[in-house]
Amino acid sequence: MIDVNKLDNNAHSVFLLYYHLIMVVKYRRKVIDDDSSKRAEEIFSYIAPKYGITLEEWNHDRDHVHVMFRAQPKSELSKFINAYKSAGSQLIKKEYPQIREKLWKEAFWSQSFCLLSAGGAPIETIRAYIESQGEKA
């Protein structure tokens, strides 16, 4: 059952659009640590509002990240993801020389990504799944 108090809206519509995004490091290099993941998340959060996107959850493993976000009907998801991956690649490689050594070309993120609408599973189930990702020491 949808909680109408959690619906988003704008001048002409009411909506609830959650997405689960998985982005993989180029060549699946295991270069993401807590610090670089946090920086990647900050970059995402900075760019997202320009596309009507709100970050809900973020977690990482050594070679990929899981992101849950809300969007608006007008959000251009592929343009946002490409803008984020481009800016994120440049900044992360500039700020983390140890990553640049393992990824010698421009890209940090793989060109491909997985984007799933979150309509089929309860949001809390997806949130719990994302929170459980990553290597356990």
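The model here is a predicted one. In the chain, glutamine 133 sits in the segment that follows α4 (123-131). Setting aside residues up to four places away in sequence, glutamine 133 touches Asn59, His60 and His66. With histidine 66 there is also a side-chain to side-chain polar contact, at 3.5 Å.

Now for the greasy part. The largest nonpolar core has 27 residues, and the members touching the most others are Phe44, Phe69, Tyr84, Phe108 and Trp109. At least two residues of this core come from each of β3 (17-25), α1 (34-47), β5 (64-71) and α2 (77-95), with α2 giving the most, namely five. In soluble globular proteins, nonpolar side chains tend to be buried together. There is a second, separate core too, made up of six residues, among them Met68, Ala118, Ile123 and Ile130.

Back to α2: for its 19 residues, 1.5 Å a residue should give a span of 27 Å, and the end C-alpha atoms lie 26 Å apart, which agrees. Buried positions in α2 are Leu77, Phe80, Ile81, Tyr84, Lys85, Gly88, Ser89, Ile92 and Lys93. The buried residues of this helix pack against β3, α1, β4 (54-60), β5, α3 (97-102) and β6 (109-117). Take tyrosine 84 as a case in point: leaving out neighbours within four places in sequence, tyrosine 84 is in contact with Met23, Ala40, Ile43, Phe44, Ile47, Trp58, Ser89 and Trp109.

Methods. Residues numbered from 1 in each chain as written. Predicted model: local features only at pLDDT ≥ 70, side-chain atom pairs only at ≥ 80, totals over all residues. Heavy atoms only, no water. Helix = DSSP H or I, 4+ residues; strand = E, 2+ residues; numbered from the N terminus. Polar contact = N/O pair within 3.5 Å; in protein donor to acceptor, adjacent residues only side chain to side chain. Contact = heavy atoms within 4.5 Å. Core = buried A, V, L, I, M, F, W, Y, C linked by side-chain atoms within 4.5 Å. Buried < 20%, exposed > 50% of the residue type's maximum accessible area, 1.4 Å probe, protein only. Expected span 1.5 Å × (residues − 1).
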